[in-house]
Amino acid sequence: MKKIMTGILMLAYLLGCQAGGNEETQEMNEPMQMANNNKLNQAVSEQADRSLRNKNNLTDVQVVNDDKQLLIAAQIPHNERLHMKRIEKDLTKQAEEKFPKYQVTLSLDKKIHLEVMKLKKKMAEGTIDRKKLSKELDRLIKLSKEKT
C-alpha cells in the first residue's frame, strides 16, 4: 500500500510540474506584430532580426531603427555566456557588414533587451512618433555603452 501511495504522489507531482508553463515567458517569445499604419519604417529592423536569428544561436533578438541608427538587443543561451565578448564582436561585425548605412549598436544586456521590447510595444500601439523614437533610441544606446 505504501508503494502504491508513493507512486501516485510521484505521478501527481510530475504531471503537476509539467502543466502550463510561465505565461509571461511564452508571451515574450512570441513575435510582436508591428502596425503597418504608422509612419515608422522598421523594414531594416525586421531584416536584421531575420538575418541574425538565422545565422546565430540566439534565444531572442529585438531590433529597432530610425533613419541613422540600428539598435540590436540580443539574448544568447546561458551556456554561451562565457564567450559574450567574442559573440558580441562577431554579431556587431555581421550587422555592420549587412547595414553599412546605419550606426549599429549591439547589446547582450537583459535590461536593454527589455527596454527595446517596451519601445517596440509603444511603436506597435502607435503612441510614439519619429522624434520621440530617435530620442529614446539615443537614450538606450547611451545606456548600453555605460559600464557598471
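Here is a short walk through the structure shown above, from the whole chain down to one helix and the sheet.

This is a predicted model, in which local features need pLDDT of at least 70 and side-chain atom pairs count only at pLDDT 80 or more, while totals for chains, interfaces and linings use all residues. Residues are numbered from 1 along each chain as its sequence is written, and side-chain values use heavy atoms, with hydrogens and water left out.

Let's start with the overall layout. The protein chain holds 6 helices and 3 strands, where helices (H or I, at least four residues) and strands (E, at least two) are DSSP runs numbered from the N terminus. Along the sequence they come in the pattern α-α-α-β-β-α-β-α-α. Of its 148 residues, 34% are buried, meaning under 20% relative accessible area with a 1.4 Å probe, counting protein chains only; over 50% is exposed, and partly exposed lies in between. Contact means heavy atoms within 4.5 Å. Among contacts between residues at least 6 apart in sequence, 63% join residues at least 24 apart.

Now let's turn to helix H3. Its 13 residues reach 19 Å from first C-alpha to last, close to the 18 Å expected at 1.5 Å a residue; that expected span is 1.5 Å times one less than the number of residues. Several H3 residues are buried, including Val44, Ala48 and Leu52. The buried residues of H3 pack against strand E1 (60-65), strand E2 (69-75) and helix H4 (84-98).

Asp49 also sits in H3 (residues 43-55). Is Asp49 buried or exposed? Asp49 counts as buried because its relative accessibility is 15%. Beyond its neighbours within four places in sequence, Asp49 is in contact with Val61 and Val63.

The strands come next. They form an open sheet of 3 strands in the order E1-E2-E3, with mixed pairing; two strands pair if DSSP finds at least two bridges between them. E1 and strand E3 (103-107) are the edge strands, each pairing on one side only. From one strand to the next, the twist averages 15°. E2 and E3 pair in the parallel sense over 5 bridges, and Ala73 has Ser107 in E3 as its bridge partner.

Two helices meet this sheet. Helix H5 (residues 110-125) lies across E1, E2 and E3 and runs at about 55° to E1. Helix H6 (residues 130-145) packs on the sheet too, touching E1, E2 and E3, with its direction at about 50° to that of E2. For these angles, axes are lines fitted to C-alpha atoms, for helices over the stretch in contact, and angles run from 0 to 180 degrees between N-to-C directions.
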